[in-house]
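Subject: Structure handover

Hello,

Here is the structure I promised you. Please open it next to this email and follow along.

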Amino acid sequence: METQSSESPVRTAHLPQVTEPRNPGMDLDLDWVRAVQANTSAIERRAATLPGRRSVKKDYQAAWLLKAVTMIDLTTLSGDDTVGRVRRLCSKARQPVAPATLQALDMPPITTGAVCVYHDMIEAAVEALKGTGIPVAAVSTGFPAGLSPFHLRVAEIEESVKAGAEEIDIVISRRHVLSGDWQALYDEMKAFRTACGDAHVKAILATGELGSLRNVARASLVCMMAGADFIKTSTGKESVNATLPVSLVMIRAIRDYYDRTGYRVGYKPAGGISKAKDALVYLSLIKDELGDRWLEPDLFRFGASSLLGDIERQLEHYVTGAYSAGYRHSMG
Ligand SMILES: O=C[C@H](O)COP(=O)(O)O
């Protein structure tokens, strides 16, 4: 699908959120999983063409950056997190872009897609976001390694939902993927999905630890079959986090799953995405591979702790007329 550069996302960024039926999952189809291949060199070649492939129409760059803001899971996942830090993060989520910048761009107020924290910070985040409609996402199941006892991982989800998290980011057991035990991965994911109840579940694959793009493709499919609402690349703690080749593989798995079942599963690249220009490349990729419907916060999120800062800087440059002509990375 060719990206059209004539369309501004300004208006669409603020449509009321579309309600997508949740992915109910399906029986594990091992034939489908085992048939999945990933042609690594073709994927890497395609990924290499993405940055800078098309230039963004200057007038629309700021609008796309604002759209990106609405799809950020604004994250703090540090051992030294405090209630104070989480409150500050939440006030940033409520007002991620300075009113003067929005006014200059003739844009209404926006918020980030969610705030993402550890379990102990849920209460503070829920309190700070009361009345805003911004959901709290909690990382769970022994994040980041996911190696705590299974019953504790399930209980952690239940506790986080009870504490008010509306989204749960679980980590899968990488060993199930590395040993090709797709049934075990499916059972684990299904149990996590059940424990989430009405909360949406994002399955973190930790792709940097899965060994191959084929494993990434297979794990993506199995998690979707088991009912994941989103598939997410990384915890941000692996040595390799979100990359474009991995994203292509996961996005195409999402497309295949949609073609087969009619259910749309969301995508969340996470870890190491800190530049506005990188955000535009990701949005361009989604638009090309999945289409506009996926460019809404219910189907796409960035997991990022520092991306917002760079987007703010770029927007300020834009409204003060200092937007660099060199800043012309891909987007329609
Ligand atoms: O899920 C979100 C990631 O942990 C954030 O990673 P980052 O700090 O590299 O942006």
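First, a term you will need throughout: helices (H or I, at least four residues) and strands (E, at least two) are DSSP runs, numbered from the N terminus. Residues are numbered from 1 along each chain as its sequence is written. Note that this is a predicted model, in which local features need pLDDT of at least 70, side-chain atom pairs count only at pLDDT 80 or more, and totals for chains, interfaces and linings use all residues.

**Overview**

The protein has 13 helices and 8 strands. It holds 332 residues, and 50% of them are buried. A residue is buried if 20 or more other C-beta atoms lie within 10 Å of its own, exposed if 12 or fewer, and partly exposed in between; the C-beta atoms are placed from the backbone. Two residues are in contact if their C-beta atoms, placed from the backbone, lie within 7 Å. Take the contacts with a separation of 6 or more: 79% of them join residues 24 or more positions apart.

**The sheet**

Strands of a sheet pair through backbone hydrogen bonds, either parallel or antiparallel. Here two strands count as paired if DSSP finds at least two bridges between them. The 8 strands form an open sheet with parallel pairing, in the order E7-E6-E5-E4-E3-E2-E1-E8. Strand E7 (266–268) and strand E8 (302–304) stand at the edges. Each has a single partner strand, so one side of each lacks a neighbour in the sheet. From one strand to the next, the twist averages 25 degrees. For angles, axes are lines fitted to C-alpha atoms, for helices over the stretch in contact, and values run from 0 to 180 degrees between N-to-C directions.

Now follow the pairs. E1 and E2 are parallel, with 3 bridges. Asp73 stands opposite Ala114 in E2. E2 and E3 are also joined in parallel by 3 bridges, and Val117 has Ala138 in E3 as its bridge partner. Between E3 and E4, again parallel, there are 3 bridges. Val139 is partnered there by Asp169 in E4.

In a regular strand the side chains alternate between the two faces of the sheet. Look at E2 for this. Ala114 and Cys116 point one way, Val115 and Val117 point the other way, and all are buried. Helix H4 (residues 83–94) lies across strand E1 (72–75) and E2, at about 160 degrees to E2.

**Two helices**

The expected span of a helix is 1.5 Å times one less than its number of residues. Helix H9 (residues 182–196) has 15 residues, so it should span 21 Å; its end C-alpha atoms are 21 Å apart, which agrees. Its buried residues include Trp182, Leu185, Met189 and Phe192. Among the elements covering the buried residues of H9 are H7, strand E4 (167–171) and H10. Gly197 follows H9, with a positive phi near 60 degrees.

Helix H11 (residues 244–261) has 18 residues. From first C-alpha to last it reaches 25 Å, close to the expected 26 Å. Buried residues of H11 include Leu244, Leu248, Ile251 and Tyr257. They pack against helix H2 (40–48), H10, strand E6 (230–232), E7 and helix H12 (276–289). Gly262 comes after H11, and its phi is positive, near 85 degrees.

**Loops to check**

Which peptide bond is cis? The one from Phe143 to Pro144, with omega near 0 degrees. Pro144 sits in the loop between strand E3 (136–139) and helix H7 (150–162).

Two residues other than glycine have a positive phi: Asp106, near 55 degrees, and Ala206, also near 55 degrees. Asp106 is in the loop between helix H5 (99–104) and strand E2 (114–117). Ala206 is in the loop between strand E5 (200–204) and helix H10 (213–225). Are they buried or exposed? Ala206 is buried, because 27 do.

**The ligand**

A residue is near a molecule if its C-beta atom, placed from the backbone, lies within 6 Å of it. Around the ligand you will find, among them, Thr75, Cys116, Thr235, Ala270 and Ser305. Ala, Val, Leu, Ile, Met, Phe, Trp, Tyr, Cys and Pro count as nonpolar, Asp, Glu, Lys and Arg as charged, and the others, Gly among them, as polar. By that scheme the shell has 4 nonpolar, 8 polar and no charged residues.

Best wishes
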